[in-house]
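I opened a new model today and kept short notes.

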Amino acid sequence: MSRVDVRKTYKLAIGGQFPRSESGRTYEVTDAGGKFLANASRASRKDARDAVVAARKAFGGWAGKTPYNRGQVLYRVAEVLEGRRAQFAEEVMRSEGGTRRQAEAVVDASVDRLVWYAGWADKVAQVVGGTNPVAAPYFDFSVPEPTGVVAVLAPQDSSLLGLVSVVAPVVVTGNTCVVATSQLRPLPAITFSEVLATSDVPGGVVNVLTGPLADTAPTLASHMDVNAIDLTGAGTDEDATAWETAAADNLKRVRRPAAEDWLAEPGLDRMTWLLETKTVWHPIGI
Amino acid sequence: MTSTPTGTVFEYAPAPESTAIVDIRSSYGLFVDGEFVDPTGGRSFKTVNPATEEVLAEVAEAGEDDVDLAVRAARRAYTRTWGRMSGRERGKYLFRIARLLQERSRELAVLESIDNGKPIRESRDFDVPQAAAHFFYYAGWADKLRYAVPAADPRPLGVAGQVIPWNFPLLMLAWKVAPALAAGNTVVLKPAETTPLSALLFAEICQQADLPPGVVNILTGAGETGRAVVAHPDVDKVAFTGSTEVGKQIARAVAGTRKKVTLELGGKAANIVFDDAPVDQAVEGIVNGIFFNQGHVCCAGSRLLVQESVADEVLERLKRRMGTLRLGDPLDKNTDVGAINSAEQLTRIKELSDVGEQEGAGRWSPPCDLPTNGFWFPPTIFTGVSQAHRIAREEIFGPVLSVLTFRTPAEAVEKANNTPYGLSAGVWTDKGSRILWAADKLRAGVVWANTFNKFDPTSPFGGYKESGYGREGGRHGLEGYLTWEGKA
């Protein structure tokens, strides 16, 4: 007789912990063929608010680390993900369908994407910041700083590569985030949060919510302590418009949904829309 | 010389700038497709001199049909001429405009002071030269756009709808129009209802520069006109400077559209004075921070945070300095504080100041005779202000300073950041490491250290949090008017 496997309970990731939804609710997740995979946590509005609190609490410490350090931590995430390549290939294959080879290519691309962004940690400031040659005796310079707490609606289709591609550029510059995962394909995201938890990413920097967006996205969009919202995974135009409208309550920075090729090399834009430019002036004199 | 309770003030003979150089017409049309035209609805409104309440001119009020005509003109100009013109040629038009602004600078300065109420010293030495410098700066970018953004293929967005405030009418026009045109966009600009005249003179300058028709369209009007510009479906980009409240309305109005937006909104800047600061310089900085342009400045240093151990000394010297400020005729070359821009704004300043008193803060102004006509408010400070007071939280947009104290640097930064705004901040200390520490901790888009209210075309300006998004000035200022591969 073959061994009975030990299955994982898929929970949320909030503030470095893996809690179930405070609502006690779950929803059924199936594979690409409709076969039962797991009962994932169905995050509530309260879970979303708790996740924002955790992200805000983590912001000062994460933004205050040196860019070199954040780059090392992100590189560590890539290392740990590489080490769990087979597990992720299996999960991606079950979530998205397709062949093992395709799933492995997705995992490889995800690792490479993390390495790419890790390298940007201590370079982006030199590319987008600098000194300003003002017409008066002042030293004047501009530096990029993280915007703050970011709500990320992860892509619905690409459960791992898409997720990594929207989360890495947010946190590499010092922002913290609350990620609402793909609704139908949430499991790789939860397993990825285990990778983050074992890679020196401080608790609260990336918080992961699973479940229908209708339960959490309105709360994140209107939350007054969220500074920006990425609507990439919003689903319908109607929802995206409603959440962009709600985001105006505290003038969140908003990224609208757009067609994306997750395999293409990203530009700087997913980092720069979450960077505030700070300009500092000081007189020059004896 | 006169002895006042706060010091000695020299009596100056009046030194008014002549108004002969400006020729204000009795009425103005809209500037659409290169020409002045009557508004389709035939409506108009009056613009007044806030220092005298004298009516200056009848100005056309643009309705939805006029907005549509202007956007169509801008679209035509974009597709047929401006969007296809080489950057080098576009740049030469902008250089022409910069030179014309310099040539007509005296006229513009006098007109600006008449229509806005700001001291001629400021319009002459700050607003107009800065406006010309902005055009000169962005003119040079027009044929170098591929070096401005991290992409080889930057493209303009199309038609930009721009709405600007009344506090720096010509300069805000320059901040909006110069980068938009340099990037290859065409514009429909709405100046503020109370200060349309310098924008209309700018329209003449566009004619003198032979700028192709439709590249710049200027629609005068009030809030409804602005709303129509923002809402027009063929506008690709919305740029707004003004209140946070209206900024939020605009963010809602563009939700679900393709329109790109930049917003430069309100502020409640902390000006932090540490115990080792050079006090005389700090006092000059405090005065410049809050009384420059009657405090009608989004980045004004409206919250003074002074370290407890030096608070008495700083306040005493500040009061003495305030006693020497000259309030009066904006056209007098010795005037420091001019007129409040409108009756409406004066009402708001008075209301919030009364609230300050009711909530228990101590109000003080130097002895100061206010002219009988016009809109005036004396330089005012409130002491004993707590963070909960409305005068510590809300933007007053007038010559009113709220004074709070702190004991430790950490407390100063915490109080400074305790606001939904994040536009600017000031730091006064002799210690370099403390400047850089504070500049790092302050959540604000511009930090002035041992100075305040400094601006330059090369220097990015804009806010964190509810002070808006996007930057104006410098290379960063072009990003809001360009798109490229991979940019959302």
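I began with one salt bridge: the side chains of A:Asp249 and B:Arg252 meet at 3.0 Å, N to O. I note that the model is predicted.

Next I asked which elements of chain B give two or more residues to the side that touches chain A. I found helix H8 (244-253), helix H14 (432-441), strand S20 (446-449) and strand S21 (468-469). I sorted that side of chain B by class and got 20 nonpolar, 13 polar and 14 charged residues.

Then I took the totals. I counted 47 residues of chain B in contact with 38 residues of chain A. The two chains bury about 3200 Å² between them, with 53% of it on carbon and sulfur atoms. I found three salt bridges across the interface. I also listed 28 residue pairs in polar contact there.

I checked for strand pairing between the chains. Strand S10 (residues 275-283) of chain A pairs with S20 of chain B in the parallel sense, over three bridges. A:Thr279 stands opposite B:Val446 there.

I moved to a sheet within chain A. Its five strands run in the order S7-S6-S5-S8-S9, and the sheet is open with parallel pairing. Strands S7 (206-209) and S9 (253-255) each have a single partner strand, so one side of each is left without a neighbour in the sheet. I got an average twist of 15 degrees from one strand to the next.

Inside this sheet I looked at S5 (residues 149-153) and S8 (residues 228-230) of chain A, which pair over three bridges. A:Ala151 stands opposite A:Ile229.

Last, I placed helix H6 (residues 161-171) of chain A. Helix H6 lies across S5, S6, S7 and S8 of chain A, at about 160 degrees to S6.

Notes: Residues are numbered from 1 along each chain as its sequence is written. Chains are lettered from A and ligands numbered from 1 in the order in which they are written. This is a predicted model: local features need pLDDT of at least 70, side-chain atom pairs count only at pLDDT 80 or more; totals for chains, interfaces and linings use all residues. Side-chain values use heavy atoms; hydrogens and water are left out. Contact means heavy atoms within 4.5 Å. Buried area is the accessible area (1.4 Å probe) that two parts lose on being put together, summed over both. A salt bridge is a side-chain nitrogen of Lys or Arg within 4 Å of a carboxyl oxygen of Asp or Glu. A polar contact is a pair of N or O atoms within 3.5 Å; within protein, one must be able to donate a hydrogen and the other to accept it, and residues adjacent in sequence count only if both atoms are side-chain atoms. Helices (H or I, at least four residues) and strands (E, at least two) are DSSP runs, numbered from the N terminus. Ala, Val, Leu, Ile, Met, Phe, Trp, Tyr, Cys and Pro count as nonpolar, Asp, Glu, Lys and Arg as charged, and the others, Gly among them, as polar. Two strands pair if DSSP finds at least two bridges between them. Axes are lines fitted to C-alpha atoms, for helices over the stretch in contact, and angles run from 0 to 180 degrees between N-to-C directions.
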